[in-house]
Amino acid sequence: MAYNKPIPDPDPYTTQPFWDGAKAGKLMLPRCTNCNRAHFYPRMICPHCYSRQIEWFEASGEGWIHTFAVQHRAFGGWADDVPFVTAYIDLKEGDRMFTVLRGVDAAKPETIKVGASVKIEFEEASETVSIPFWRVV
Amino acid sequence: MPSNPSMSAAIVGAAESDQIGYIEEGTTDQILHIQAISNVCAQVGISPSEIEGIFSVGYSTNIAEYLGLHPKYIDTTGVGGCSFQMHVHHAMAAINAGIIDIAVVSHGESGYSGGRKNRGRGRNRGAGGSDPWQPASMFADPYGAAGAPSNYSHAMTRHMHNYGTSHKDFAQIAVTTRDWATLNPRAVMHSKETNPYGGKITIDDVENSRLISWPLHLLDCCLVTDHGGAVIVASAERARSFKTKPVWIAGAAESMSHQNMMEMDDFTRTSAPESSLAAYKMAGMGPREMEMAMIYDSFTITAAITAEMLGLAKRGEGPSLWEGGKAGPGGSGIPVNTNGGGLSFSHSGMYGMMLLVEAYRQLSGTAEDGVHGLPGKQTNAKTAIVNGTGGSLSVTGTLVLVADD
């Protein structure tokens, strides 16, 4: 069945390496070559030192649950999936991503733990775009 | 050095649109704005033609054109529900700078009627707008979060994790706020007569209401209504020349921490410590001198965190401000959200105007004068802290207001 949820529209200026990485099953993150810090979401300028010297590197794809919620109300393609668990993920390399969490029971939120280790995986949403999701390990 | 703008301006009137709540026959933002402005001008005893500055969320030129005004100061700050606290801040600054003497801050939002028109379009999915190349469109929208409740719930989870709070602690906020609504006949949830779901509620009712975004239940969430409101802000020189009593702006400030929730560093902290500290400092007062509080309660978690941020409760103990009904009618603490709050009075999407209108009524001693024949409940407060929280727990505006006595 075709992917029926919102599919990101990669922009050619800032985020293309992220989406190229996702297509290849890799988490690519931007890092400033001046202060050596990674950041997310991708920017054309380092939010830490304002350098515009940004490079991309393959990140570990590992992180931890910072916080989560169970969505009982959603629109579009997601409406069919309620309840599902959304979470903010602290990346091993620093900074944070939003996701739909996999490998958890939305009916038992008390079993989902802040701080639990998660690993990234990618779902092919279209011929050109794969979307990252995180799974509890 | 510029002078401290504290007390250089006052709110001299506060009114609502003719109708508020669930307007079944439909309405528009424009209707709500204009009715509220017309009503507040009549209350204050001025002609709309005397308005020199217009402050609204993106609507100021519409208002000016509709009323045939040519304002000297136009502000359209739109940063979510706290915009109106900022409008008052900005109006005070413009007045203190000598640019204008009389400003209107106006709000008109057909959150219910307009929402019905847009039903199913999945609008308002989070900060960042609908440009597909915006960070929110690319890195948040793909994950099915559906508006404010689906985001704010993450803050409650983290609060529980950090501080050991439980949903029951937050439920008390909804219960106490509803108690205030039962004393305000204009509140949507005043009684079974105003709404089938109105009247008093219990902690069990909150805990058993359906889940919207765990841990947020339905009764943790604000209403989505139609609402218009307006206040007049006037210079100190003019403030005592009207039919109404001034309520003085002793302190005003604003701050922000992020735009998108994925950039929220600490999910249990807003920028209100910054905005309230600056407002307290301008006022020369502190949290212990606040005799009432109007706290943005888009959700119970918003109110709880904000109580902590304003210094009204210890960090991690926000719900304690309401514990056992302390902040409610006849409670042992300071009265909080005496109109019934966004949870039970009215909340059109951006609630900041309702905070202002109620704070004005309380401090001007007019809460029981009645609006359209419907009185509210007067408290004895002579000082108030008013804090708006907008966006995704991301932007705050704080006012310290004092009565004229």
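The largest nonpolar core of this predicted model holds 154 residues, and those with the most contacts inside it are B:V231, B:V233, B:I249, B:L356, B:A384 and B:L401. Such a core is a set of buried Ala, Val, Leu, Ile, Met, Phe, Trp, Tyr and Cys residues joined through C-beta atoms within 7 Å, where buried stands for 20 or more other C-beta atoms within 10 Å of the residue's own, with C-beta atoms placed from the backbone. Helix α12 (residues 352-364) of chain B contributes the most to this core, namely 8 residues.

Local features need pLDDT of at least 70 and side-chain atom pairs count only at pLDDT 80 or more, while totals for chains, interfaces and linings use all residues. Residues are numbered from 1 along each chain as its sequence is written, with chains lettered from A and ligands numbered from 1 in the order in which they are written.

Turning to the sheet, chain B has 9 strands in an open, mixed arrangement ordered β3-β2-β4-β7-β1-β8-β11-β10-β9. Helices (H or I, at least four residues) and strands (E, at least two) are DSSP runs numbered from the N terminus, and two strands pair if DSSP finds at least two bridges between them. At the edges are β3 (73-75) and β9 (292-295) of chain B, each pairing on one side only. On average, neighbouring strands are turned by 25 degrees against each other, direction ignored. Strands β2 (residues 53-56) and β4 (residues 102-110) of chain B run parallel and are joined by 4 bridges, with B:I54 opposite B:V104. Helix α2 (residues 60-67) of chain B lies across β2, β3 and β4 of chain B, at about 135 degrees to β2(B); axes are lines fitted to C-alpha atoms, for helices over the stretch in contact, and angles run from 0 to 180 degrees between N-to-C directions.

Finally, the two chains meet through 25 residues from chain B and 30 residues from chain A. On the chain B side, α6(B) gives the most, with 6 residues. That side comprises 15 nonpolar, 8 polar and 2 charged residues, counting Ala, Val, Leu, Ile, Met, Phe, Trp, Tyr, Cys and Pro as nonpolar, Asp, Glu, Lys and Arg as charged, and the others, Gly among them, as polar. Strand β3 (residues 62-71) of chain A pairs with β5(B) in the antiparallel sense over 2 bridges, and A:V70 has B:W214 as its bridge partner.

Conventions: Two residues are in contact if their C-beta atoms, placed from the backbone, lie within 7 Å. A residue is buried if 20 or more other C-beta atoms lie within 10 Å of its own, exposed if 12 or fewer, and partly exposed in between; C-beta atoms are placed from the backbone.
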